[in-house]
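Visitor: Could you walk me through this protein and tell me what lies behind the words you use for its parts?

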Amino acid sequence: MQFPQKWQTFIEAQRQLQYFKDIEESIAEQRASGTQIYPKDSDIFNAFSYLDVDEIRVVILGQDPYHGPDQAQGLAFSVSEDQKVPPSLVNIYKELAQDIEGFVVPAHGDLRSWAEQGVLLLNTVLTVQKGKAHSHAKLGWEQFSDAVIAKINDENPHCVFLLWGAHAQQKGRNIDIEKHHVLNAVHPSPLSAYRGFLGCQHFSLANQWLAAKKIAPIDWKIKNVGTLDLF
(Lines give C-alpha, C1' and ligand atoms only; values in the text may rest on other atoms or scores of the structure.)
Protein backbone atom coordinates (compact mmCIF):
# COMPACT_ATOMS: atom_id res chain seq x y z
CA MET A 1 0.00 0.00 0.00
CA GLN A 2 1.24 3.47 -0.91
CA PHE A 3 0.77 6.35 1.49
CA PRO A 4 0.95 10.14 1.15
CA GLN A 5 4.57 11.27 1.24
CA LYS A 6 4.96 12.28 4.89
CA TRP A 7 3.16 9.19 6.17
CA GLN A 8 5.21 7.01 3.82
CA THR A 9 8.46 8.41 5.22
CA PHE A 10 7.18 8.13 8.78
CA ILE A 11 6.04 4.50 8.50
CA GLU A 12 9.26 3.47 6.76
CA ALA A 13 11.28 5.10 9.56
CA GLN A 14 9.25 3.35 12.26
CA ARG A 15 9.77 0.02 10.52
CA GLN A 16 13.52 0.39 11.02
CA LEU A 17 13.15 0.59 14.80
CA GLN A 18 13.50 -2.52 16.94
CA TYR A 19 10.10 -2.21 18.62
CA PHE A 20 8.41 -2.26 15.21
CA LYS A 21 10.46 -5.22 14.02
CA ASP A 22 9.36 -7.04 17.18
CA ILE A 23 5.69 -6.28 16.40
CA GLU A 24 5.98 -7.58 12.85
CA GLU A 25 7.85 -10.69 13.99
CA SER A 26 5.23 -11.47 16.64
CA ILE A 27 2.35 -11.06 14.20
CA ALA A 28 4.09 -13.22 11.60
CA GLU A 29 4.69 -15.96 14.19
CA GLN A 30 1.06 -15.86 15.33
CA ARG A 31 -0.24 -16.07 11.78
CA ALA A 32 2.16 -18.94 11.01
CA SER A 33 0.84 -20.85 14.04
CA GLY A 34 -2.71 -20.58 12.71
CA THR A 35 -3.91 -17.71 14.90
CA GLN A 36 -6.22 -15.37 13.04
CA ILE A 37 -5.18 -11.72 13.26
CA TYR A 38 -7.35 -8.78 12.25
CA PRO A 39 -7.25 -6.78 10.11
CA LYS A 40 -5.48 -8.48 7.22
CA ASP A 41 -1.91 -7.29 6.64
CA SER A 42 -2.85 -5.07 3.71
CA ASP A 43 -5.34 -3.11 5.84
CA ILE A 44 -3.33 -2.57 9.04
CA PHE A 45 -2.24 0.95 8.02
CA ASN A 46 -5.34 1.80 6.00
CA ALA A 47 -6.05 4.92 8.10
CA PHE A 48 -2.92 6.59 6.71
CA SER A 49 -3.73 6.05 3.03
CA TYR A 50 -6.22 8.88 2.56
CA LEU A 51 -4.59 12.24 3.39
CA ASP A 52 -1.19 13.38 4.60
CA VAL A 53 -0.24 14.62 8.07
CA ASP A 54 -0.86 18.30 7.43
CA GLU A 55 -4.21 17.64 5.71
CA ILE A 56 -5.86 16.00 8.72
CA ARG A 57 -8.71 18.02 10.20
CA VAL A 58 -10.01 15.67 12.89
CA VAL A 59 -8.47 12.72 14.75
CA ILE A 60 -10.87 10.17 16.24
CA LEU A 61 -8.98 7.86 18.57
CA GLY A 62 -10.21 4.32 19.14
CA GLN A 63 -8.69 1.45 21.12
CA ASP A 64 -8.09 -1.69 19.05
CA PRO A 65 -9.71 -3.18 15.94
CA TYR A 66 -12.95 -5.13 15.97
CA HIS A 67 -12.16 -8.78 16.70
CA GLY A 68 -14.97 -10.43 14.74
CA PRO A 69 -14.49 -12.01 11.28
CA ASP A 70 -14.40 -9.52 8.39
CA GLN A 71 -15.08 -6.51 10.63
CA ALA A 72 -11.74 -4.69 10.97
CA GLN A 73 -10.67 -2.65 7.96
CA GLY A 74 -7.92 -0.51 9.48
CA LEU A 75 -10.20 2.45 10.28
CA ALA A 76 -11.28 2.94 13.89
CA PHE A 77 -15.02 2.25 14.44
CA SER A 78 -15.60 1.55 10.72
CA VAL A 79 -16.75 -1.69 9.07
CA SER A 80 -17.52 -2.54 5.47
CA GLU A 81 -21.04 -2.05 4.14
CA ASP A 82 -21.89 -5.76 4.29
CA GLN A 83 -21.21 -5.98 8.04
CA LYS A 84 -23.65 -5.40 10.89
CA VAL A 85 -23.14 -1.98 12.51
CA PRO A 86 -21.23 -2.63 15.79
CA PRO A 87 -22.68 -1.35 19.11
CA SER A 88 -20.15 1.47 19.62
CA LEU A 89 -20.84 2.79 16.14
CA VAL A 90 -24.58 2.56 16.79
CA ASN A 91 -24.05 4.96 19.69
CA ILE A 92 -21.92 7.24 17.51
CA TYR A 93 -24.80 7.36 15.04
CA LYS A 94 -27.23 8.11 17.87
CA GLU A 95 -25.13 11.11 18.86
CA LEU A 96 -24.81 12.29 15.26
CA ALA A 97 -28.58 12.07 14.79
CA GLN A 98 -29.03 14.43 17.74
CA ASP A 99 -26.04 16.68 17.06
CA ILE A 100 -25.93 17.23 13.29
CA GLU A 101 -28.95 18.73 11.61
CA GLY A 102 -30.12 16.60 8.71
CA PHE A 103 -28.04 13.55 9.65
CA VAL A 104 -29.81 10.42 8.47
CA VAL A 105 -28.64 7.17 10.04
CA PRO A 106 -27.10 4.90 7.39
CA ALA A 107 -27.82 1.18 7.30
CA HIS A 108 -24.09 0.41 7.22
CA GLY A 109 -20.92 1.26 9.14
CA ASP A 110 -18.51 2.28 6.38
CA LEU A 111 -16.84 5.54 7.46
CA ARG A 112 -14.47 5.94 4.53
CA SER A 113 -16.18 9.18 3.48
CA TRP A 114 -14.92 10.71 6.72
CA ALA A 115 -11.36 9.51 6.07
CA GLU A 116 -11.47 11.02 2.58
CA GLN A 117 -12.22 14.42 4.14
CA GLY A 118 -9.32 14.32 6.58
CA VAL A 119 -10.69 12.43 9.58
CA LEU A 120 -7.95 10.12 10.85
CA LEU A 121 -9.74 7.09 12.29
CA LEU A 122 -6.87 5.85 14.42
CA ASN A 123 -6.77 2.91 16.80
CA THR A 124 -4.08 3.08 19.47
CA VAL A 125 -3.46 -0.65 18.86
CA LEU A 126 -3.57 -1.68 15.20
CA THR A 127 -4.10 -5.46 15.37
CA VAL A 128 -6.02 -8.01 17.43
CA GLN A 129 -6.49 -11.77 17.67
CA LYS A 130 -9.81 -13.21 16.55
CA GLY A 131 -12.33 -13.10 19.38
CA LYS A 132 -9.90 -11.61 21.91
CA ALA A 133 -10.32 -7.89 22.51
CA HIS A 134 -7.13 -6.11 23.65
CA SER A 135 -5.04 -9.23 22.89
CA HIS A 136 -2.34 -7.11 21.22
CA ALA A 137 -2.40 -4.30 23.76
CA LYS A 138 1.12 -5.15 24.94
CA LEU A 139 2.60 -5.88 21.53
CA GLY A 140 4.20 -2.45 21.05
CA TRP A 141 1.58 -0.64 19.01
CA GLU A 142 1.18 1.97 21.76
CA GLN A 143 4.65 3.28 20.92
CA PHE A 144 3.65 3.57 17.27
CA SER A 145 0.41 5.43 17.96
CA ASP A 146 2.21 7.73 20.41
CA ALA A 147 4.60 8.60 17.58
CA VAL A 148 1.67 9.20 15.21
CA ILE A 149 0.00 11.61 17.63
CA ALA A 150 3.31 13.40 18.25
CA LYS A 151 3.85 13.84 14.51
CA ILE A 152 0.38 15.30 14.01
CA ASN A 153 0.86 17.54 17.02
CA ASP A 154 4.14 18.88 15.61
CA GLU A 155 3.45 19.08 11.87
CA ASN A 156 -0.27 19.72 11.49
CA PRO A 157 -1.21 23.41 11.74
CA HIS A 158 -4.62 22.95 13.41
CA CYS A 159 -6.84 19.93 14.01
CA VAL A 160 -9.41 18.58 16.46
CA PHE A 161 -8.73 15.51 18.59
CA LEU A 162 -11.81 13.56 19.72
CA LEU A 163 -10.66 11.47 22.67
CA TRP A 164 -13.30 9.01 23.84
CA GLY A 165 -12.58 7.04 27.00
CA ALA A 166 -9.83 7.18 29.59
CA HIS A 167 -7.38 5.28 27.40
CA ALA A 168 -7.68 7.76 24.53
CA GLN A 169 -7.52 10.72 26.90
CA GLN A 170 -4.22 9.51 28.33
CA LYS A 171 -2.81 9.53 24.81
CA GLY A 172 -3.70 13.20 24.50
CA ARG A 173 -1.68 14.51 27.43
CA ASN A 174 1.06 15.99 25.23
CA ILE A 175 -1.14 17.62 22.60
CA ASP A 176 -0.45 21.34 22.19
CA ILE A 177 -3.80 22.95 22.99
CA GLU A 178 -2.52 26.29 21.71
CA LYS A 179 -2.52 24.81 18.19
CA HIS A 180 -5.12 22.08 18.39
CA HIS A 181 -8.52 21.51 19.99
CA VAL A 182 -9.11 18.53 22.30
CA LEU A 183 -12.59 17.23 23.13
CA ASN A 184 -12.95 14.53 25.78
CA ALA A 185 -15.85 12.17 26.50
CA VAL A 186 -16.45 8.66 27.74
CA HIS A 187 -16.19 5.85 25.19
CA PRO A 188 -19.25 5.23 22.96
CA SER A 189 -19.38 1.60 24.11
CA PRO A 190 -22.80 0.45 25.39
CA LEU A 191 -21.12 0.11 28.79
CA SER A 192 -20.39 3.83 29.06
CA ALA A 193 -22.11 5.85 26.32
CA TYR A 194 -24.97 6.94 28.58
CA ARG A 195 -22.50 8.42 31.08
CA GLY A 196 -21.55 11.33 28.89
CA PHE A 197 -20.91 10.34 25.30
CA LEU A 198 -24.52 10.77 24.23
CA GLY A 199 -25.10 14.50 24.32
CA CYS A 200 -21.42 15.47 24.07
CA GLN A 201 -21.98 17.29 20.73
CA HIS A 202 -18.41 16.60 19.64
CA PHE A 203 -19.23 16.58 15.94
CA SER A 204 -20.81 20.03 15.84
CA LEU A 205 -18.23 21.43 18.28
CA ALA A 206 -15.41 20.14 16.08
CA ASN A 207 -16.92 21.85 13.05
CA GLN A 208 -17.41 25.10 14.94
CA TRP A 209 -13.75 25.16 15.93
CA LEU A 210 -12.59 24.33 12.41
CA ALA A 211 -14.77 27.09 10.99
CA ALA A 212 -13.30 29.56 13.49
CA LYS A 213 -9.84 28.62 12.16
CA LYS A 214 -11.12 29.14 8.59
CA ILE A 215 -10.82 25.42 7.91
CA ALA A 216 -13.59 23.67 6.02
CA PRO A 217 -15.81 21.66 8.39
CA ILE A 218 -16.41 17.92 8.08
CA ASP A 219 -19.54 16.69 6.33
CA TRP A 220 -20.51 14.04 8.85
CA LYS A 221 -23.42 12.81 6.75
CA ILE A 222 -22.86 9.38 5.20
CA LYS A 223 -24.07 8.37 1.76
CA ASN A 224 -26.13 5.27 0.99
CA VAL A 225 -28.45 5.84 3.92
CA GLY A 226 -30.95 3.21 4.92
CA THR A 227 -33.41 2.46 7.63
CA LEU A 228 -31.30 1.32 10.57
CA ASP A 229 -33.50 1.81 13.64
CA LEU A 230 -31.43 3.06 16.58
CA PHE A 231 -34.13 4.22 18.96
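This is a predicted model: local features need pLDDT of at least 70, side-chain atom pairs count only at pLDDT 80 or more; totals for chains, interfaces and linings use all residues.

Visitor: Thanks! Which residues touch the most other members of the largest nonpolar core?

Guide: They are F48, W114 and F144, in a core of 67 residues.

Visitor: What makes you say that F144 touches F10, for instance?

Guide: Contact means heavy atoms within 4.5 Å. F144 has such contacts with F10, I11, Q14, Y19, F20, F45, F48 and L126, leaving out residues up to four places away in sequence.

Visitor: Which residues line the largest cavity?

Guide: P39, I44, A47, F48, P65, G74, A76, L121, L122, N123 and L126.

Visitor: What makes two of those residues polar in the tally of the largest cavity lining?

Guide: Ala, Val, Leu, Ile, Met, Phe, Trp, Tyr, Cys and Pro count as nonpolar, while Gly is among those counted as polar. G74 and N123 are in the lining, and the tally comes to nine nonpolar, two polar and no charged residues.

Visitor: And what lines the second largest cavity?

Guide: Its lining is made of A47, Y50, L51, I56, A115, G118, V119 and L120. By class, that gives seven nonpolar residues, one polar and no charged. A47 is in this lining and also in that of the largest cavity.

Visitor: Now the open spaces: what is the volume of the largest pocket, and which residues lie nearest its centre?

Guide: The largest pocket has about 450 Å³ of space. Of its 25 lining residues, D64, P65, Y66, S88 and H187 lie nearest the centre. The lining divides into ten nonpolar, 13 polar and two charged residues.

Visitor: Where does the largest share of the second largest pocket's lining come from?

Guide: Helix α2 (residues 18–32) gives the largest share, five residues. This pocket has a volume of about 230 Å³, and R15, E24, D41, I44 and F45 are nearest its centre among 13 lining residues. Nine of the lining residues are nonpolar, one is polar and three are charged.

Visitor: Let's turn to the backbone. What sort of peptide bond joins Y38 and P39?

Guide: It is a cis bond, with omega about -10°. P39 sits in the loop between β1 (37–38) and β2 (58–62). Most peptide bonds are trans.

Visitor: What is the phi of F77?

Guide: Phi is about 70°, a positive value, although F77 is not a glycine. Most residues other than glycine have a negative phi. F77 is in the loop between β2 and α3 (87–99).

Visitor: Is F77 buried or exposed, and how do you know?

Guide: Buried means under 20% relative accessible area. F77 has 8%, so it is called buried.

Visitor: And K214, buried or exposed?

Guide: Exposed means over 50%. K214 has 78%, so it is called exposed. K214 also has a positive phi, near 60°, and lies in the segment after α7 (202–212).

Visitor: Within α7, which residues are buried?

Guide: H202, F203, S204, A206, N207, W209 and L210. They pack against β2, α3, α4 (112–117), β5 (160–164) and β6 (181–185). S204 has a relative accessible area of 15%, under the 20% limit, and therefore counts as buried.

Visitor: What makes the pairing of the S204 and D99 side chains a polar contact?

Guide: A polar contact needs a pair of N or O atoms within 3.5 Å, one able to donate a hydrogen and the other to accept it. The S204 and D99 side chains make such a contact at 2.5 Å. Leaving aside neighbours within four places in sequence, S204 is in contact with D99 and I100.

Notes
Residues are numbered from 1 along each chain as its sequence is written. Side-chain values use heavy atoms; hydrogens and water are left out. A nonpolar core is a set of buried Ala, Val, Leu, Ile, Met, Phe, Trp, Tyr and Cys residues joined through side-chain atoms within 4.5 Å. Buried means under 20% relative accessible area, exposed over 50%, partly exposed in between (1.4 Å probe, protein chains only). On a 1 Å grid over the protein atoms alone, a cavity is a set of points where a 1.4 Å probe fits but cannot get out, and a pocket is an open set with protein on both sides within 12 Å along at least five of seven lines; lining residues have an atom within 4 Å of a point. Grid points are joined across faces, edges and corners, and a volume is the space filled by probe spheres set on the points. Helices (H or I, at least four residues) and strands (E, at least two) are DSSP runs, numbered from the N terminus.
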